[in-house]
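This briefing is meant to be read with the structure open beside it.

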Number of protein chains: 2
Amino acid sequence: MARKVRLHLTTPGPTNERSSLAEPPIEELGVSPDTVLLVGDLAKATGKTVRAIHLYEDLGLLRPHDRSKGRYRLFGPDALVRVRWITKLQSLGFSLSDIQELVRAQGDSESAKLAASRLSEVYLTKLAETRAKLDELRQLERELVESLSYLNACGSACEPLVPVHACPSCERHSESHTPDLVAGAQTH
Amino acid sequence: MARKVRLHLTTPGPTNERSSLAEPPIEELGVSPDTVLLVGDLAKATGKTVRAIHLYEDLGLLRPHDRSKGRYRLFGPDALVRVRWITKLQSLGFSLSDIQELVRAQGDSESAKLAASRLSEVYLTKLAETRAKLDELRQLERELVESLSYLNACGSACEPLVPVHACPSCERHSESHTPDLVAGAQTH
DNA sequence: CATAACCCTTACGTACGCGTGAGGGTTTGC
DNA sequence: GCAAACCCTCACGCGTACGTAAGGGTTATG
């Protein structure tokens, strides 16, 4: 269960963690900007395990705002944004050490402008890779569909006594040649 | 260099390895049905390493037709089909042990019909997974594009002296809220 | 103040898909 | 018949992203 505004924990300093003048973007309904999350809460909210959160911290990808008197990690709502960011990057094919590099590069950037241009560069490269991967997956999707339709004929036209090794001489598949995904399964 | 028709190697048996009556599908221009490949040839032709080929054999995914007098593995052209099949399955997200299971199930199928229906089942499931992955990747692609356009504004409108931590209060990005892929990089 | 349900650090274990030798035969081509 | 370029069989190593205890404090609740 996510606890809210755990201010009775030893949370030193002012009530609001960000003193930015701009209206802070409300992270989520029910998560106010001074919410404090324990590692378990953060884990549940992001679908990660506690172990994973710890790992991210060890790798420098994530930092708790603070610690409680008893050394509990205390996270703000921005940790949610951060962990979801990590997750999306992973889905895009970044390894955790790729992300480490990226975080370092962002941190080393003196100006926001430089940070933005570095981020753009990385994202632009990844966009190309992602599109390549999409093309590959779309092609494989087509091959799956083609194979399924090819195999459909086996379900209706083939006789139960025919053994697999007779497939190469099968006449029941119009003139279309055997899809790779089917041929590979027979070849052995 | 791929050698062809290495019949001077100890290749016992008749000249043609398949005596099927049907016209054998020519595997590739320059690869006739009685071509013999050594493991290195197979590796080069498929982009795999020799180690990988050995592994596939250990896992029961692949079998050399024969061995030379000196215990060299001798592969036929169907090994090409098989290795490419394995590669495509890997790209679809099958692990090698998934493929092991699949190969076992195919081999255990008495009839071609049963084998076909089992294969269909696996492919149908994988088709759904593939489409889900496609959806996810397409969404991430959109987010990359969105982030790049957002970051473009930083390159033109932002001042060189602005530090990264000032980004949350930036006014230069119309009303569109910060994309996750950008917000995550700033949150630290 | 007791107890359940958390949290802490440390550190070894796991699954996957090969990489990388070591030590030693085999083929081919000149 | 000799050297280069292959191939063989072990068998340990590696990078990634956590899993899984072990041993021991901390917090909220009654």
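The residues of the surface near DNA strand D divide into nine nonpolar, nine polar and seven charged. The model is a predicted one, and the points below should be read with that in mind.

**The surface near DNA strand D**

- DNA strand D is surrounded by 25 residues, and the closest of them are A:T49, A:G70, A:Y72, B:G40 and B:R73.
- Of the atoms of DNA strand D that lie within 4 Å of the protein, 69% belong to sugar or phosphate, while the rest belong to bases.

**Individual contacts with DNA strand D**

- In chain A, an N or O atom in the side chain of A:S68 is 3.2 Å from a phosphate oxygen of DNA strand D.
- In chain B, the side chain of B:H54 has an N or O atom 3.0 Å from a phosphate oxygen of DNA strand D.

**Helices α4 and α5 of chain A**

- Helix α4 (residues 96-108) of chain A packs with helix α5 (residues 112-157) of chain A at an angle of about 155°, and their axes are 8 Å apart.
- Because angles over 145 degrees count as roughly antiparallel, α4(A) and α5(A) are described as roughly antiparallel to each other.
- Their crossing is right-handed, and in it A:L102, A:A105, A:Q106 and A:D108 of α4(A) meet A:A115, A:R118, A:L119 and A:V122 of α5(A).
- The residues of this contact divide into five nonpolar, one polar and two charged.

**Helices α1 and α3 of chain B**

- In chain B, α1(B) packs with helix α3 (residues 78-91) at an angle of about 50°, with their axes 10 Å apart, and the two helices are therefore oblique to each other.
- The crossing in which α1(B) passes α3(B) is right-handed.
- The contact is formed by B:L42, B:A45 and B:T46 of α1(B) together with B:A79, B:L80, B:V83 and B:R84 of α3(B).
- Sorted by class, the contact of α1(B) with α3(B) has five nonpolar residues, one polar residue and one charged residue.

Methods. Residues are numbered from 1 along each chain as its sequence is written. Chains are lettered from A and ligands numbered from 1 in the order in which they are written. This is a predicted model: local features need pLDDT of at least 70, side-chain atom pairs count only at pLDDT 80 or more; totals for chains, interfaces and linings use all residues. Side-chain values use heavy atoms; hydrogens and water are left out. Axes are lines fitted to C-alpha atoms, for helices over the stretch in contact, and angles run from 0 to 180 degrees between N-to-C directions. Helices (H or I, at least four residues) and strands (E, at least two) are DSSP runs, numbered from the N terminus. Angles under 35 degrees count as roughly parallel, over 145 as roughly antiparallel, 65 to 115 as roughly perpendicular and the rest as oblique. A crossing is left-handed if the near helix is turned anticlockwise from the far one by less than a right angle, and right-handed if clockwise. Contact means heavy atoms within 4.5 Å. Ala, Val, Leu, Ile, Met, Phe, Trp, Tyr, Cys and Pro count as nonpolar, Asp, Glu, Lys and Arg as charged, and the others, Gly among them, as polar. A residue is near a molecule or strand if one of its heavy atoms lies within 4 Å of it. A polar contact is a pair of N or O atoms within 3.5 Å; within protein, one must be able to donate a hydrogen and the other to accept it, and residues adjacent in sequence count only if both atoms are side-chain atoms.
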